[in-house]
Amino acid sequence: MMAALSVSDLVAGYHNRPVLHGVSLDIEPGTMAALIGPNGHGKTTLLKTVSGLVPARSGAIRIFGQAIETAMVHERVAAGLVHVPQGDQLFGEMSVEENLRMGAYLRSASEVPGALEEVYAFFPRLAERRGQSASSLSGGERRMVGIGRGLMAGGKVMMIDEPSLGLAPLIIEQIYEGLRGLSRADRAFLVVEENPSRLIGIADRICLMDAGRIEWSGTAAEVAGSRDILETYLGGH
Ligand SMILES: Nc1ncnc2c1ncn2[C@@H]1O[C@H](COP(=O)(O)OP(=O)(O)OP(=O)(O)O)[C@@H](O)[C@H]1O
């Protein structure tokens, strides 16, 4: 089967600091992969390199077979790639719905109402607050708008950087349930998560990143059952 996202031997970094030392990973359509690992080992840099915010020095990135490693950011979005960054970067003065509509800037006007319906169906709280300014939302609601705005782009591969960051356990559950519900045969997710136990029953595969490489990958239950992995990489979480 053709991978939704395929990364091979990706090398990238900042100025004279290499961060990714040959990352390879494939995500199948219809699945969710989670990227875990110690802080500062390149998870965010991987997402930024795939979305084109950090240039790749070498290696290949493909979306459903289409090579994008030298494409401009907007061309990657047009190819179906969505990146929901840490901190959401919402427009605080604009309403929930206006923020959501911003995500659909590359789509035709006729597709927007259906896309909005989909977001509101999965995050009903946003439907209730559609006219409220983004700056007045709670942290969890903001995260939902960030993810919803990504969905509005109609992406086939959604990368979400730490959807659970700073949120209460109940809200984290709602966010992950929303994501699970958004799973479709023609869509794939890559999420960064610091706590692998949250991903049991949610992520299809866990990829462990260490020192700029994918060191290991397997199911969430395999991670939870592996003392070595938990103790070596995750400080016994
Ligand atoms: N703009 C930048 N310029 C220079 N170095 C950077 C820049 N952004 C990140 N780095 C460095 O690159 C390395 C990897 O950072 P990255 O944010 O990818 O890690 P991470 O695994 O996502 O960690 P975290 O979970 O803490 O976000 C770190 O050493 C970081 O200091």
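How many nonpolar, polar and charged residues does the shell around the ligand have? The shell has two nonpolar, six polar and two charged residues. Here Ala, Val, Leu, Ile, Met, Phe, Trp, Tyr, Cys and Pro count as nonpolar, Asp, Glu, Lys and Arg as charged, and the others, Gly among them, as polar.

This is a predicted model: local features need pLDDT of at least 70, side-chain atom pairs count only at pLDDT 80 or more, and totals for chains, interfaces and linings use all residues. Residues are numbered from 1 along each chain as its sequence is written.

**Ligand shell**

Y14, R17, V19, N39, G40, H41, G42, K43, T44 and T45 surround the ligand. A residue counts as near if its C-beta atom, placed from the backbone, lies within 6 Å. Strand 2 (17-27) and helix 1 (43-51) are the elements that give two or more residues to this shell. Helix 1 gives the most, with three residues. Helices (H or I, at least four residues) and strands (E, at least two) are DSSP runs, numbered from the N terminus.

**Sheet and helix 1**

Four strands form an open, antiparallel sheet in the order 2-1-4-5. Strand 2 and strand 5 (66-67) are the edges, and each pairs on one side only. Helix 1 packs on this sheet and touches strand 1 (5-14), strand 2 and strand 4. Contact means C-beta atoms, placed from the backbone, within 7 Å. The direction of helix 1 makes about 75 degrees with that of strand 2. Axes are lines fitted to C-alpha atoms, for helices over the stretch in contact, and angles run from 0 to 180 degrees between N-to-C directions.

Two strands pair if DSSP finds at least two bridges between them. Two pairings compare as follows.

| Strands | Sense | Bridges | Facing residues |
|---|---|---|---|
| Strand 4 (56-63) and strand 5 | antiparallel | two | R62 and A67 |
| Strand 6 (81-84) and strand 7 | parallel | four | L81 and V157 |

In strand 6, L81 and H83 point one way, V82 and V84 the other, and all are buried (20 or more other C-beta atoms within 10 Å of their own, placed from the backbone).

**Two domains**

The domain assignment, automatic or from a database, gives domain 1 (1-80 + 156-237) and domain 2 (87-154). Their C-alpha centres lie 23 Å apart. Twelve residues of domain 1 are in contact with eleven residues of domain 2. On the domain 1 side, helix 2 (73-78), strand 7 (157-161) and helix 7 (169-181) each supply at least two residues. Helix 7 gives the most, with four residues. That side has nine nonpolar, three polar and no charged residues.

Key. Two residues are in contact if their C-beta atoms, placed from the backbone, lie within 7 Å. A residue is buried if 20 or more other C-beta atoms lie within 10 Å of its own, exposed if 12 or fewer, and partly exposed in between; C-beta atoms are placed from the backbone.
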